[in-house]
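Subject: Structure handover

Hi,

Here is the structure I promised to pass on. Have a look at it first, and then read on for what turned up.

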Amino acid sequence: MLLIGIPTGYIVISAEQSRDSGRDKQARAAATGLTFEWPPRVTRRIYEVPITGYSADVAWYETNSWETSKLYVQFTTSPGGLDLFLGRIGAVRGDLREGTVPVADEDAAQVGWRLGAGHPSGSSHAVSTAPTARADWSGLVLDHPGPRPRLEIAVDRSNPEHPMVYVVSTVKL
């Protein structure tokens, strides 16, 4: 009885897990906007977007075509978390150009981001609902050589204790 029951139970459990995995993948593929959860670890590695621990407002969206794949990520962190994130991608806070938002308007519109001066902060830790000023924003572009992704990063610093980070990581195939 045990020789039949144990393998049968294993097969049933494996089939259920496989079905659940397929449903998760199907839901991700059907997404048409930001998904408010952490992107899978392998996705973060491929696109080189190392979100720091204890981040809030984490959301992501991925697009794929024959030539280009993009990962859109947003998260709110702390000043130390921002430094850690920048260090992991090979940059420092001094590399951020004040008053700039390097994310293209088309990319921002793809996921409903309202970036730059004149828009309220998207952070749940925003100090105010008033529109942000140009001085609240900074950004940088990292063009890596070879097959590594291009990173366009915009940082909303309207609340200095909880900067909101927006990243568009582009991989050319």
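Predicted model: local features only at pLDDT ≥ 70, side-chain atom pairs only at ≥ 80, totals over all residues.

First, a definition: a nonpolar core is a set of buried Ala, Val, Leu, Ile, Met, Phe, Trp, Tyr and Cys residues joined through side-chain atoms within 4.5 Å. Buried here means under 20% relative accessible area, exposed means over 50%, and partly exposed is whatever falls in between (1.4 Å probe, protein chains only).

Residues are numbered from 1 along each chain as its sequence is written, and side-chain values use heavy atoms, with hydrogens and water left out.

The overall layout

The protein chain has four helices and six strands. Both kinds of element are DSSP runs numbered from the N terminus: helices are H or I with at least four residues, strands are E with at least two. Starting at the N terminus, the order is α-α-β-β-α-β-α-β-β-β. Of the 173 residues, 39% count as buried. The accessible surface comes to about 10,200 Å², and 56% of that belongs to carbon and sulfur atoms; these areas come from the Shrake-Rupley method with a 1.4 Å probe, and for residues only the protein chains shown count as cover.

The sheet

The six strands form an open, antiparallel sheet in the order β1-β2-β6-β5-β4-β3. Its edge strands are β1 and β3 (97-98), each of which pairs on one side only. Two strands pair if DSSP finds at least two bridges between them. Helix α3 (residues 79-88) packs on this sheet, where it touches β2, β4 (137-143), β5 (150-156) and β6 (164-172), and its direction makes about 15° with that of β6. Contact means heavy atoms within 4.5 Å, and the axes behind that angle are lines fitted to C-alpha atoms, for helices over the stretch in contact, with angles running from 0 to 180 degrees between N-to-C directions.

At the β1 end, seven bridges join β1 to strand β2 (residues 68-76), and the two run antiparallel. W60 has V73 in β2 as its bridge partner. A59 sits in β1 (residues 56-64) and is buried, at a relative accessible area of 0%. Apart from neighbours within four places in sequence, A59 is in contact with L34, T35, F36, E37, Y72, V73 and Q74. The C-alpha atoms of A59 and T35 are separated by 5.2 Å, although these residues are 24 apart along the chain.

At the β3 end, two bridges join β3 to β4, again antiparallel, and E98 stands opposite S138 in β4. β4 also pairs with β5 in the antiparallel sense, over seven bridges. Five of the seven residues of β4 are buried. The hairpin of β4 and β5 has six residues between the strands, and G146 takes a positive phi near 70° there.

The cores

Which residues have the most contacts inside the largest nonpolar core? They are V49, F85, L86, I89 and I153, in a core of 22 residues. β1, β2, α3, β4, β5 and β6 each supply at least two residues of this core. A second, separate core of 14 residues includes V111, W113, Y166 and V168.

The salt bridges

There are five salt bridges, counted when a side-chain nitrogen of Lys or Arg is within 4 Å of a carboxyl oxygen of Asp or Glu. E48 and R148 form one of them, at 2.7 Å from N to O. E48 is in the loop between α2 (41-47) and β1, R148 is in the loop between β4 and β5, and they are 100 residues apart. E48 is partly exposed at 23%, and R148 is partly exposed at 40%.

D107 forms another with K70, with the closest N and O atoms 2.9 Å apart. D107 lies in helix α4 (residues 105-111) and K70 in strand β2, so this pair ties together parts that are 37 residues apart in sequence. D107 is buried, at 9%.

Finally, D143 stands opposite R150 in β5, and their side chains meet in a salt bridge of 2.7 Å, N to O. R150 is partly exposed at 32%, whereas D143 is exposed at 55%. D143, R150 and E152 are linked in a network of salt bridges.

Cheers
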